[in-house]
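Thanks for coming. Please look at the structure first.

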Amino acid sequence: MARASGCSVATVSRVLAGTRPVGTETARRVREVADALGYRPNHAARALRSRSTGTVGLVLPQITNPFYPALVRELTHALNADGRAVLLADCDDDPAAEAEYIADLLSRQVDALLVIPAHEDRSRQAVASAAARVPLVLMDRGCGPGIADSVAVDNSAGMALVLDHLVATGRRRVCFIGAAGTASAAAERRAAYAAGAGALDPAAPDRVFLGDFSVEWGRAAVDEVWQDRPDALVCANDLIAIGALQRLQQLGADVPGEVVVTGFDDIPMAALLAPGITTVRQPVPELAAEAARLLGHRLADGAGDGGPQRAIRLAPELVVRESSRVAP
């Protein structure tokens, strides 16, 4: 390749490894020759030499939640742009399985980890132990202070947007359908509802029904709450809202005339239903970009050596659709 490009072996090596700056024209010529010759880097050999595998482990609580595939897509693009590949593990909301996957990824010599914890308390030990070994960033959920850098949407701000919208549309008999787990997103949304719902009705903060983040729970919850005829169902995520909407339609309820339904996350299905679901949109591209940026800083500095931990909270956006849009 050096002979074909008219460059020295050292220059070719610098261009392909990206370790030192090389002139634009020289780099272009080397890459053109590499493409013509079908050159592909040997990542295993590079890892032995540099002690870096160019891989990042990503541990999710449940890939079947439609919110996560969109996030994985954005993360993969962001990390690939930095020359890093992603190894994905789905722990199915099981902290024990999560700990095993983290250990397995570390044994494969990943350079860093991105983790969405399955459980705020039971995930802490495995996550903290991993954060002491490699750069680690928590996403979407936390597992206690002092563990690692984190990036997530501002759940409290998102719930405040929903409640302000319900006030503006004249709703009062509001109830919350959420998840009983200790995942920080569930707890933060639940707490924000309890803190703000009193502005609609003094009894509203106590109208809380907890299950899990699933369509099935959304359906079942409606059977629990509908006898009291609430005029708004505030759901902790879009899957719950979808299930609630389906059950309300089966019961012949008028949505949004009789009762409005809101969700959280803005998964694609929320816009496809009839009526479309009003929801809080998480800024997924920004979430992925910030996670990749935090990880890049830690990789440059080394695990535990990059200064104080950073906690980034991103602003959400309320997307108003037909499930809460009542004609004047």
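Start with helix H8, residues 155-168: it has 14 residues and reaches 20 Å from its first C-alpha to its last, close to the 20 Å expected at 1.5 Å a residue. The expected span is 1.5 Å times one less than the number of residues. Helices here are DSSP runs of H or I with at least four residues, strands are runs of E with at least two, and both are numbered from the N terminus.

Before going on, the model is a predicted one, where local features need pLDDT of at least 70, side-chain atom pairs count only at pLDDT 80 or more, and totals for chains, interfaces and linings use all residues. Residues are numbered from 1 along each chain as its sequence is written, and side-chain values use heavy atoms, with hydrogens and water left out.

Which residues of H8 are buried? They are Asn155, Gly158, Met159, Val162, Leu163, His165 and Leu166. Seen down the axis of H8, these buried residues fall within an arc of 155°, so they line one face of the helix. The arc is taken from the directions from the helix axis to the C-beta atoms. On the face turned away from the buried side, H8 carries the exposed residues Asp164 and Ala168. Buried means under 20% relative accessible area, exposed over 50%, and partly exposed in between, with a 1.4 Å probe and protein chains only.

Now the two ends. At the start of H8, a side-chain oxygen of aspartate 154 comes to within 3.3 Å of the backbone nitrogen of serine 156. Just after H8, glycine 170 has a positive phi of about 80°.

H8 packs against helix H9, residues 184-196, at an angle of about 40°, with the axes 8 Å apart.

Next, the loops. Valine 255 and proline 256 are joined by a cis peptide bond with omega about 15°, and proline 256 sits in the loop between helix H11 and strand S9. The bond from alanine 274 to proline 275 is also cis, with omega near 0°; proline 275 lies in the loop between helix H12 and strand S10.

Last, arginine 229 is not a glycine, yet has a positive phi of about 50°. Arginine 229 is partly exposed, at 40% relative accessible area. Aspartate 266, in the loop between S9 and H12, has a positive phi near 65° and is buried, at 17%.

Conventions. A polar contact is a pair of N or O atoms within 3.5 Å; within protein, one must be able to donate a hydrogen and the other to accept it, and residues adjacent in sequence count only if both atoms are side-chain atoms. Axes are lines fitted to C-alpha atoms, for helices over the stretch in contact, and angles run from 0 to 180 degrees between N-to-C directions.
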